[in-house]
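The sequence and structure come first, and the description follows.

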Amino acid sequence: LCDCTRSEASQNLIFHSITRSHEENLERYEIWRTNPYHETAEQLRDRVKGVSAKAFIETLPSIDALHCDIGNATEFYKLFQDEIGEMHKHPNPSKEEKKRRQALLDKHLRKKMNLKPVMRMNGNFARKLMTNETVEAVCELIPSEERREILRELMHLYTLMKPVWRSTFPLRECPELLCQYSFNSQRFAELLHTEFKYRYDGKITNYLHKTLAHVPEIIERDGSIGAWASEG
């Protein structure tokens, strides 16, 4: 979608523009795959600007939106574990501590939400995980009421934004949420930048970047989300 680096995207979470088309993504993927100029891996990465996998066809928004759900749910699954372990107070946990947090979360999600642990995130797990009800269950494991409220707000904003990229025709199906999208995404970004700095200082995931920076622009251009699965 755009050529900003992960560091640039983490410092400026909202204000980015689309700088390349689907065809350009495919061209860059071919360069990555064939390395016609016989460059080093570092030179090649710089040339393709993050495009290292073949993008899905732009006319399949449902597939792309599903990938967005899975990508963001994978990140929130890790974020829940961080909050259970109070990462804002105790950075750099041991491997044993990380395993303990994950086991605690998995056991609780199974008990409260009937969500059985999966080896790899899938669409059904992602949809059940990314709800206000699930956050309420997770909050039972978080010691601080202040942190619980922050996590509740983060998920509430996410559930307000999600219908916009899941809709085939958002302007017709959820016009009010589309109008609110920029405001909600800015508040979401503000929370990541201030309350979750321990996780998003200098980095951000590909799909969170797209969620926050590119949705309204894509909809204005194409009518719905059709470029989610393009890498970079």
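This is a predicted model: local features need pLDDT of at least 70, side-chain atom pairs count only at pLDDT 80 or more; totals for chains, interfaces and linings use all residues.

Arginine 152 belongs to helix 8. Its relative accessible area is 21%, so arginine 152 counts as partly exposed, given that buried requires a value under 20%.

Apart from neighbours within four places in sequence, arginine 152 is in contact with Val135, Glu136, Cys139 and Glu145. Asparagine 132 lies 20 residues from arginine 152 along the chain, and the C-alpha atoms of these two residues are 7.0 Å apart.

## The chain as a whole

The protein chain contains 13 helices and 0 strands. Read from the N terminus, its order of elements is therefore α-α-α-α-α-α-α-α-α-α-α-α-α.

The chain has 232 residues, and 44% of them count as buried. Taking contacts between residues at least 6 apart in sequence, 67% link residues at least 24 apart.

## The largest nonpolar core

In soluble globular proteins, nonpolar side chains tend to be buried together. Here the largest nonpolar core holds 44 residues, and the members that touch the most other members are Phe76, Phe80, Leu129 and Phe188. At least two residues of this core come from each of helix 4 (61-84), helix 5 (95-113), helix 6 (123-129), helix 7 (132-139), helix 8 (145-166), helix 10 (175-194), helix 12 (206-213) and helix 13 (215-222). Helix 8 gives the largest share, with 9 residues.

What is phenylalanine 80 in contact with, leaving aside its neighbours within four places in sequence? The list is Leu105, Leu129, Thr134, Val135, Val138, Leu151 and Met155. Leu129 is also one of the core members that touch the most others.

## Helix 10 against helix 12

Two packed helices are described by the angle between their axes and the distance between the axes. For helix 10 and helix 12, the axes come within 9 Å and cross at roughly 140 degrees. The two helices are therefore oblique to each other, since an angle must be over 145 degrees to count as roughly antiparallel.

On the helix 10 side, the contact is made by Tyr181, Ser185, Phe188, Ala189 and Leu192, and on the helix 12 side by Leu208, Thr211 and Leu212. These residues divide into 6 nonpolar and 2 polar, with no charged ones.

## Histidine 108

Histidine 108 is part of helix 5. Is this residue buried or exposed? Its relative accessibility is 13%, so histidine 108 counts as buried.

The side chain of histidine 108 makes a polar contact of 3.1 Å with the side chain of glutamate 140. Beyond its neighbours within four places in sequence, histidine 108 is in contact with Met113, Ala137, Glu140 and Leu141.

## The loop between helix 4 and helix 5

Glutamate 86 sits in the loop between helix 4 and helix 5. This residue is not a glycine, yet its phi is positive, at about 50 degrees. With a relative accessible area of 15%, glutamate 86 is buried.

Asparagine 92 is also placed in the loop between helix 4 and helix 5. Its phi is positive as well, at about 55 degrees, although asparagine 92 is not a glycine. Whereas glutamate 86 is buried, asparagine 92 is exposed, with a relative accessible area of 72%.

Technical notes. Residues are numbered from 1 along each chain as its sequence is written. Side-chain values use heavy atoms; hydrogens and water are left out. A nonpolar core is a set of buried Ala, Val, Leu, Ile, Met, Phe, Trp, Tyr and Cys residues joined through side-chain atoms within 4.5 Å. Buried means under 20% relative accessible area, exposed over 50%, partly exposed in between (1.4 Å probe, protein chains only). Helices (H or I, at least four residues) and strands (E, at least two) are DSSP runs, numbered from the N terminus. Contact means heavy atoms within 4.5 Å. Axes are lines fitted to C-alpha atoms, for helices over the stretch in contact, and angles run from 0 to 180 degrees between N-to-C directions. Angles under 35 degrees count as roughly parallel, over 145 as roughly antiparallel, 65 to 115 as roughly perpendicular and the rest as oblique. Ala, Val, Leu, Ile, Met, Phe, Trp, Tyr, Cys and Pro count as nonpolar, Asp, Glu, Lys and Arg as charged, and the others, Gly among them, as polar. A polar contact is a pair of N or O atoms within 3.5 Å; within protein, one must be able to donate a hydrogen and the other to accept it, and residues adjacent in sequence count only if both atoms are side-chain atoms.
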